[in-house]
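Here's a quick walk through one protein model, with an eye on its charged side chains. Have the structure open while you read.

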Amino acid sequence: MARYTGPTAKISRRYGVELFGPSKAFTRRPFPPGQHGARSGRKKKSDYGIMMAEKQKLRYMYGILEGQFRRYYQEASRRRGVTGDILLQLLETRLDNIIYRLHFANTRAAARQMVSHGHVRVNGKKVNIPSYCCKPGDVISVAAKARSQALANRFVELSTDATLPVWLEVDAAKLSAKMLRVPTVEEIAPIVNVQLIVEFYSR
C-alpha cells in the first residue's frame, strides 16, 4: 500500500511538532523550512489553512495518504457517537500503531514495516496488513521466529522506561499484548484539534 516516503524532518518543522518521533534535525532547527523559515513574522493562516494543517498533522503522524484518511473520516461519520473521537480511535487501533505503542518498534514507520514483513500475529494468525483494525479481546504478538523476536526485543530494550497504554494488557516476556478495550480520547492524547478536522470535511 502507498505511503509517504519523503523527508520527515521537513514535515515536522513545517507543522512545528515531531510527527514522526524524535528528530535531531527538528531539535536543531525548530522552525519552518525554507529561506525565511526562521523569521517570526510569517503570513497569518486563514481558517481554511488552520483546518488543513490539523488534518495534515494527523495524517502524517499515522502515516496515511489522503484517500485512506478520507475513508477513515467517512467511516467515523457513519458510526454513532462523536465523529472526531471515533476517527482518533479508528487510527489508534490500527495494527501498526499498536505495535508502535507497545514499543516493539521505535516509530510508526518501523512498526508498519514489521507488520508488512510478517513479523506480527493477531490471535495466533499472521496479519501483514498495517491498517488492520484491532478489536477488544484481540491478542497481538510478535512471531516466534528468531529474527522477529530479536527485532522486537531490540526496540523493547531501548524503551524500558516508556509508559505503556492502559488499554493494552502486556506480557513483555512473550512479546504479546491483549487489547482490553478501545482507548478514550484522553488516553490517546491527540496533538491536534480534531474538531477542526471534522469541520474541514464538513464544509
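Let's start with Arg 121, which is found in strand β1 (residues 120-122). The model is predicted, so local features need pLDDT of at least 70 and side-chain atom pairs count only at pLDDT 80 or more, while totals for chains, interfaces and linings use all residues. Residues are numbered from 1 along each chain as its sequence is written, and side-chain values use heavy atoms, with hydrogens and water left out.

A salt bridge is a side-chain nitrogen of Lys or Arg within 4 Å of a carboxyl oxygen of Asp or Glu.

Setting aside neighbours within four places in sequence, Arg 121 is in contact (heavy atoms within 4.5 Å) with Lys 126, Val 139, Ile 140, Ser 141, Ala 143 and Lys 145.

## Where charges do pair

Side chains of opposite charge can pair when their charged atoms come close. By the salt-bridge rule, the count comes to nine.

One of them joins Lys 57 and Glu 54, with the closest N and O atoms 2.9 Å apart. The two residues sit three apart in helix α3 (residues 47-62), so about one helical turn separates them. Lys 57 is buried at 12% relative accessible area, and Glu 54 is buried too, at 11%.

Arg 78 and Glu 75 form another salt bridge, again with 2.9 Å between the closest N and O atoms. They are three residues apart in helix α4 (residues 66-78), which puts about one helical turn between them. Here Arg 78 counts as exposed at 61% relative accessibility, whereas Glu 75 is partly exposed at 26%.

Then there's Arg 94 with Asp 96, whose side chains meet at 2.9 Å, N to O. Arg 94 counts as buried at 2% relative accessibility, and Asp 96 counts as buried at 3%. Finally, Lys 55, Arg 59 and Glu 66 are linked in a network of salt bridges.

## A closer look at α3

Helix α3 has 16 residues and reaches 24 Å from its first C-alpha to its last, close to the 22 Å expected at 1.5 Å a residue. That expected span is 1.5 Å times one less than the number of residues. Twelve of the 16 residues of α3 are buried, so the helix is largely enclosed by the rest of the structure. Among the buried ones are Met 51, Lys 55, Leu 58, Arg 59 and Tyr 62. After the helix comes Gly 63, with a positive phi near 70 degrees.

## The whole protein

The secondary structure comes to ten helices and five strands. Of the 203 residues, 43% count as buried. Among contacts with a separation of 6 or more, 55% involve residues 24 or more positions apart.

Note on methods
Helices (H or I, at least four residues) and strands (E, at least two) are DSSP runs, numbered from the N terminus. Buried means under 20% relative accessible area, exposed over 50%, partly exposed in between (1.4 Å probe, protein chains only).
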